[in-house]
Amino acid sequence: METGELSTEPQDGTRRQQAIVVAIDGPSGSGKSSVSRMVAERLGLAFLDTGAMYRAATWWCLEQGVPLTDTEAVAALIRDLPLSVGVDPAGPTVHVGGTDVGEAIRTTAISSAVSAVATNLEVRAELGRLQREAIAAERVPQSFSHGRGIVAEGRDITTVIAPDADVRILLTASEEARLARRAKEVHGSADAEAVQATRDQVLRRDRDDSTVSTFHVAADGVVTVDSSDLDLEETVQAVLDVVAQVSGRAAR
């Protein structure tokens, strides 16, 4: 077996790869979600969008009429959050109380409000527990990935949720590149007006979230991938290269 290759030798003599966890964090607009999803598809792994979980929690609080400024009430509500997250990278889903909220949680209203929930330490503890359970679940053959593993992305995946992940990556980009990407995503254009309309949302959320998590500087053992001058496909390949180098796991 080559160094770094993740595999086992079952009793029936067949060769099976062990589960691998790839953790990817970084600031808004760095491309975490799109890149992580595509990497998961290429590697045949599950995909966990932890940001969607915070957005879903925000949607639920607003739906239930709980003021986001009431931190105790928010935390109490989220302890019983009826959340179901699908981990198929080809079609990730998010349901709350049986309602498909995949589109609803991507609205500007949720984007503007999510930091109030994401900076609630009790909420972070509860959703962090669910995230660790989702990651652990992909280690068994009965899981979506059939035990191959998962790519998980979020603000503090490499440092708090999965500090022992097999591969840990900080995906970053210049402020200019991040603002342009988010403007194009939200407004369909990266012209000056669209970028300005997006600036507060992106920078304020990064500023708010940085009070409870670190995602601008790579922690020890975390590999930095700067996508400032890379397109989506080039960024995906750069991440796949890191995964292959660190773990020996190559795209199918």
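**Close-up views of a predicted model**

**View 1. The pairing of β4 with β5.** Strand β4, which covers residues 94-96, pairs with β5 in the antiparallel sense, and two bridges join these strands. Within this pairing, H95 is found opposite D100, a residue of β5. As in the other views, the structure shown is a predicted model rather than an experimental one.

**View 2. The open sheet of three strands.** The strands of this open sheet follow the order β3-β4-β5, and their pairing is antiparallel. Its edges are formed by β3, at residues 83-85, and by β5, at residues 99-100, each of which pairs on one side only.

**View 3. Helix α2 lying across the strands.** Helix α2, made up of residues 50-63, lies across β3, β4 and β5, and its direction makes an angle of about 30 degrees with β4.

**View 4. The packing of helices α3 and α5.** Helix α3, spanning residues 71-79, packs with helix α5, spanning residues 121-137, at an angle of about 10 degrees, and their axes lie 8 Å apart. Because angles under 35 degrees count as roughly parallel, α3 is described as roughly parallel to α5.

**View 5. The residues where α3 meets α5.** On the α3 side the contact involves V74, A75, I78 and R79, which meet E122, V123, E126 and L127 on the α5 side.

Conventions. Residues are numbered from 1 along each chain as its sequence is written. This is a predicted model: local features need pLDDT of at least 70, side-chain atom pairs count only at pLDDT 80 or more; totals for chains, interfaces and linings use all residues. Side-chain values use heavy atoms; hydrogens and water are left out. Two strands pair if DSSP finds at least two bridges between them. Helices (H or I, at least four residues) and strands (E, at least two) are DSSP runs, numbered from the N terminus. Contact means heavy atoms within 4.5 Å. Axes are lines fitted to C-alpha atoms, for helices over the stretch in contact, and angles run from 0 to 180 degrees between N-to-C directions. Angles under 35 degrees count as roughly parallel, over 145 as roughly antiparallel, 65 to 115 as roughly perpendicular and the rest as oblique.
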